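Here is a short briefing on one protein chain. Keep the sequence and the 3D view side by side as you read.

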Amino acid sequence: MKPGFGEVLLAEGDPRVREEEQRLVEEFRRQLDEGMWAAVPTSDPATGRREALMVHDYTEVPLDAERVIFFPRAAGG
């Protein structure tokens, strides 16, 4: 997400379709190579509590994930 711009769709596809999964993997890697962090939104059906699962590799993305959110690392030191 970019401040003031909302969400920007980078890629979409069905990970069960080989060609589409390859496109998703390539975009995932590109975002990480550009210094972004990745997280998968999750929610607890029992409580409705929303959290995010940080992922460092495409294989860590749950198969039922609807989206991966990329965001910049915090500036400073």
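In this predicted model, residues 24 or more positions apart account for 45% of the contacts in the chain with a separation of 6 or more. A contact here means heavy atoms within 4.5 Å. The chain has one helix and three strands. Along the sequence they follow the pattern α-β-β-β.

**How to read the model**

- Residues are numbered from 1 along each chain as its sequence is written, and side-chain values use heavy atoms, with hydrogens and water left out. Because this is a predicted model, local features need pLDDT of at least 70 and side-chain atom pairs count only at pLDDT 80 or more, while totals for chains, interfaces and linings use all residues.
- pLDDT is the predictor's confidence in each residue, from 0 to 100. The chain averages 89, and 91% of the residues score at least 70.
- Among the elements, helix 1 has the highest mean pLDDT (96) and strand 3 the lowest (92).
- Where pLDDT is low, the predicted coordinates should not be read in detail.

**Overall layout**

- The C-alpha trace spans about 40 × 35 × 25 Å along its principal axes.
- Helices (H or I, at least four residues) and strands (E, at least two) are DSSP runs, numbered from the N terminus.
- Of the 77 residues in the chain, 17% are buried. Buried means under 20% relative accessible area, exposed means over 50%, and partly exposed lies in between (1.4 Å probe, protein chains only).

**Helix 1**

- Helix 1 covers residues 18–33, which is 16 residues. From its first C-alpha to its last it reaches 22 Å, close to the 22 Å expected at 1.5 Å a residue. The expected span is 1.5 Å times one less than the number of residues.
- Which residues of helix 1 are buried? They are Leu24, Val25, Glu27, Phe28 and Gln31. They sit on the same side of helix 1 because they cover an arc of only 165 degrees around the axis. That arc is taken from the directions from the helix axis to the C-beta atoms.
- On the other side of helix 1, Arg18, Glu19, Arg29 and Asp33 are exposed.
- The cover over the buried residues of helix 1 includes strand 1 (36–43), strand 2 (50–55) and strand 3 (69–72).
- Gln31 lies in helix 1. Gln31 counts as buried because its relative accessibility is 6%. Leaving out residues up to four places away in sequence, Gln31 touches Leu10, Met36 and Phe70.
- Gly35 follows helix 1 and has a positive phi, near 95 degrees.

**The strands**

- Strand 1 and strand 2 run antiparallel, joined by six bridges. Two strands pair if DSSP finds at least two bridges between them.
- Ala39 has Met54 in strand 2 as its bridge partner. For Val40, the bridge partner in strand 2 is Leu53.
- The hairpin of strand 1 and strand 2 has six residues between the strands. There, Gly48 takes a positive phi near 80 degrees.
- Strand 1 and strand 3 also run antiparallel, with four bridges between them. Trp37 has Phe71 in strand 3 as its bridge partner.
- In a regular strand the side chains alternate between the two faces of the sheet.

- Phe71 is in strand 3. Is Phe71 buried or partly exposed? Phe71 is partly exposed, because its relative accessible area is 27%.
- Phe71 touches Met36, Trp37, Ala38, Ala39 and Met54, not counting residues up to four places away in sequence. Phe71 and Gly48 are 23 residues apart in sequence and 23 Å apart in space, C-alpha to C-alpha.
- Asp57 is in the loop between strand 2 and strand 3. With a relative accessible area of 37%, Asp57 is partly exposed.
- The side chain of Asp57 makes a polar contact with the side chain of Thr59 (2.6 Å). A polar contact is a pair of N or O atoms within 3.5 Å; within protein, one must be able to donate a hydrogen and the other to accept it, and residues adjacent in sequence count only if both atoms are side-chain atoms.
- Asp57 and Leu24 are 33 residues apart along the chain, and their C-alpha atoms are separated by 12 Å.
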